[in-house]
Amino acid sequence: MESNSKTIVWFRRDLRIEDNPALAAATRNGSVFPVFIWCPKEEGQFYPGRVSRWWLKQSLIQLEQSLKSLGAELVMIKAQSTLSALLDCIEAVGATKVVYNHLYDPVSLVRDHNIKQKLGELGVSVQSYNGDLLNEPWEVYDDDGKVFTTFDAYWEKSLRLQKEPVSHLPPWRLTPAAGSVKMCSVEELGLENESEKSSNALLGKGWAPGWSNADKALTEFVENQVLAYSKDRLRVGGNSTSLLSPYLHFGEVSVRKVFNSVRLKQILWTKEGNSVGDESASLYLRAIGLREYSRYICFNFPFTHERSLLNNLKFFPWNADQAHFKAWRQGRTGYPLVDAGMRELWATGWIHNKIRVIVASFFVKFLLLPWQWGMKYFWDTLLDADLESDIIGWQYISGSLPDGHELERLDNPEVQGFNYDPEGEYVRHWLPELARMPAEWIHHPWDAPLTVLKAAGVELGMNYPNPIIDVDVARDRLMQAIFIMREKEAATNAADANGTNEVVFDNSDSVGDLANPKVVKGKAPCPSSSSYDQRVPSMQKGSTNKKRPKPAEEEKKLKDNWLSCNIKNEGKISKADDDLCSTAESSSMKKQMTTSKNSFSVPQAISMSYDRKSFECEASSHVKLQKEEEIDMEINSGKNGAIAQ
């Protein structure tokens with residue numbers, strides 16, 4: 001043991017002192033220099049939204065206080081380069097070692113690999129740890145050593161790999177490493193500007209960020225709510241889920257602690273014969289598993305933040321309609337349950353998992369808008385915005401996962417309204433213009449008699465919009481788009497078979513040369529590596545160039561729908577390909593972002609009451625994945641990072 005060592009503890013999304021492997025390791029080996037580096041430039045297109053930055057700020061305040069009470073000060077640095085900031089810290093204290101906990105999103109993977117390689121070349125020991133998952137992504141493969149691409153198979157294997165619970169107790173005291181660097185206060189980090197403070201003040205009335213508050217929230221859930229989780233989790237109003245997702249996203253509570261706490265309850269209920277409790281615990285642990293799976297997929301397939309896991313959407317004719325995008329964002333689609341969800345999201349930064357599924361499905365299937373746009377909007381607005389969870393969620397909805405929704409599946413928001421908000425209480429709360437509508441008509445006011453509308457004070461097309469698109473028309477358009485997609489794919493395959501090698505760009509492929517660099521394959525030599533170190537993803541372990549077989553009758557139905565559509569509609573849908581290649585100006589970063597010619601760019605015309613990172617369309621943040629029949633999409637931004645658990 002090197003009792004005289006000086007170790008830099010690099011905090012990122014692990015803002016806790018309990019069960020923090022990197023902090024625990026540094027504490028055992030001499031003095032520590034805790035540092036948090038905020039580098040907006042490196043956040044790029046995934047610069048956090050207003051509410052997410054508010055949470056980060058509050059969490060840092062509590063971490064700073066906790067570390068100070070243990071004897072060490074959290075050094076906060078605002079930098080142009082994370083590597084340069086770390087080098088300054090190393091030089092200032094004479095540190096010989098840097099420790100941190102792993103992150104798995106594509107941007108962090110590239111940055112961390114480069115930093116570890118550079119520091120190793122300079123003779124600085126670097127050690128990284130698993131502080132975010134039950135199992136590392138490179139630990140879970142099938143019997144042939146290949147990557148799992150379905151959740152059930154992955155989770156079954158993960159559970160078999162579970163080891164004895166291991167937890168790192170918080171240190172009793174910290175020995176600070178002597179030295180000083182140019183640091184700033186949490187205010188000087190610039191996580192919250194003056195124009196945002198009035199809106200953010202309301203967030204503090206409903207949420208209490210910070211690792212100690214995360215511990216209280218977990219205890220409350222496990223002791224008083226998890227028993228009824230199987231019954232309550234589908235209620236779209238109120239707190240029917242654990243609400244742990246933002247705490248999990250920022251690492252204020254470890255996933256190991258959450259898993260073990262619920263698993264212990266499950267063991268007790270099983271012994272007591274409590275089937276309800278056993279089922280509730282299983283469903284909640286499955287939600288934890290979905291969060292794990294989101295990291296697993298993003299690590300092993302680091303392109304999924306910009307294009308589909310499956311190649312089935314390569315030729316899909318997205319309808320890049322900015323007016324429809326705006327109506328969806330503002331909750332003005334004319335479908336009450338969808339609109340209520342979008343207005344709650346704007347007002348609070350939070351929506352229930354089921355509502356996330358519903359609004360995302362409407363976005364993709366009714367409006368044919370590119371899923372990357374929706375993912376980026378969630379990233380910019382969700383309190384528990386979590387890139388990996390949202391990638392999985394939106395690809396699940398878009399039929400881009402082997403076990404996701406079928407692309408042909410189109411759910412009626414009216415029917416969903418009666419299923420999940422039968423009395424209309426949720427809709428009335430967020431759509432005051434419909435507050436007096438009877439429950440019988442509240443989810444389809446366009447069918448209500450004029451006398452009912454008049455009594456409720458509703459003027460369709462005036463104070464509440466007519467439906468942006470009819471359900472039957474939306475279904476026909478979706479079928480037509482799928483037919484076009486398959487026709488293009490067949491033509492391309494035929495051309496390739498004839499040796500013409502026609503190149504067709506994937507219009508959902510935003511592999512920008514500038515936005516997110518590709519993860520380097522293979523592991524670079526590093527003086528300090530061990531079994532704890534994070535691996536670099538390899539794309540050799542699995543293939544995703546597959547699609548579900550379609551019955552002959554489905555193909556015939558698609559063709560019949562296509563033949564019945566008029567030429568005008570065909571041209572309108574196909575024109576979308578050209579509309580997807582623009583650039584978006586970042587209002588919050590104050591700079592122009594450029595993309596490759598075949599990248600998505602989210603429309604510029606997004607007027608908000610606060611500055612937000614540009615909608616450059618390879619995007620991110622929170623819905624969740626999971627079979628809709630079970631509707632357990634509880635991961636989100638947080639617990640699911642985007643799985644609103």
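By how much are Phe 325 and Trp 328 separated in helix 13 (residues 322-330)? They stand three residues apart in that helix, so the separation is about one helical turn. The model is predicted, so local features are reported only at pLDDT of at least 70 and side-chain atom pairs only at pLDDT 80 or more, while totals for chains, interfaces and linings use all residues. Residues are numbered from 1 along each chain as its sequence is written, and side-chain values use heavy atoms, with hydrogens and water left out.

**Aromatic pairs**

- A search of the whole structure finds 32 aromatic pairs, a pair being two rings of Phe, Tyr or Trp (its six-membered ring) with centres within 6.5 Å, called stacked when the planes are under 30 degrees apart, edge-to-face when over 60 and tilted for the rest.
- The pair of Trp 138 and Phe 299 is tilted, because the ring centres are 5.4 Å apart and the planes stand at 55 degrees.
- Trp 138 belongs to the loop between strand 5 (125-129) and helix 6 (151-160) and Phe 299 to helix 12 (residues 275-300), so this pair ties together parts that are 161 residues apart in sequence; helices (H or I, at least four residues) and strands (E, at least two) are DSSP runs, numbered from the N terminus.
- Trp 138 and Phe 299 are both buried, where buried means under 20% relative accessible area, exposed over 50% and partly exposed in between, with a 1.4 Å probe and protein chains only.
- Phe 325 and Trp 328 form a stacked pair, with 6.3 Å from centre to centre and 20 degrees between the planes, and both of these residues are buried.
- Ring pairs also join Phe 325 and Trp 328 into a cluster with Phe 363, Trp 373, Tyr 377, Phe 378 and Trp 394.

**Charges over rings**

- Arg 307 lies over the face of Phe 303, at 4.3 Å from the ring centre, the criterion being NZ of Lys or CZ of Arg within 6 Å of the ring centre and within 35 degrees of the ring normal.
- The charged end of Arg 356 is placed over the ring of Trp 350, at 5.1 Å from its centre.

**Cavities**

- The structure holds seven cavities of 30 Å³ or more, a cavity being a set of points on a 1 Å grid over the protein atoms alone where a 1.4 Å probe fits but cannot get out, with lining residues having an atom within 4 Å of a point.
- The largest cavity has a volume of about 420 Å³, and of its 25 lining residues the closest to the centre are Arg 13, Trp 38, Glu 43, Ser 108 and Arg 111.
- Elements that give two or more residues to this lining include strand 1 (6-11), strand 2 (31-38), helix 5 (106-121) and helix 17 (387-397).
- Domain 1 (5-165 + 183-300) and domain 2 (322-475) both contribute residues to the lining of the largest cavity, so this cavity lies between them; the domain bounds come from an automatic or database domain assignment.

- Most residues other than glycine have a negative phi.
- Leu 243, in the loop between helix 9 (229-232) and helix 10 (245-249), has a positive phi of about 60 degrees although it is not a glycine, and at 16% relative accessibility Leu 243 counts as buried.
- Leu 368, in the loop between helix 15 (353-366) and helix 16 (371-381), likewise has a positive phi, of about 55 degrees, and counts as buried at 0% relative accessibility.
- Tyr 426, in helix 19 (residues 425-430), is 190 residues from Val 236 in sequence and 7.2 Å from it in space, C-alpha to C-alpha.

Terms used. 1 Å grid on protein atoms, 1.4 Å probe; cavity = no way out; pocket = protein on both sides within 12 Å on 5 of 7 lines; lining within 4 Å. Points joined across faces, edges and corners; volume = space filled by probe spheres on them.
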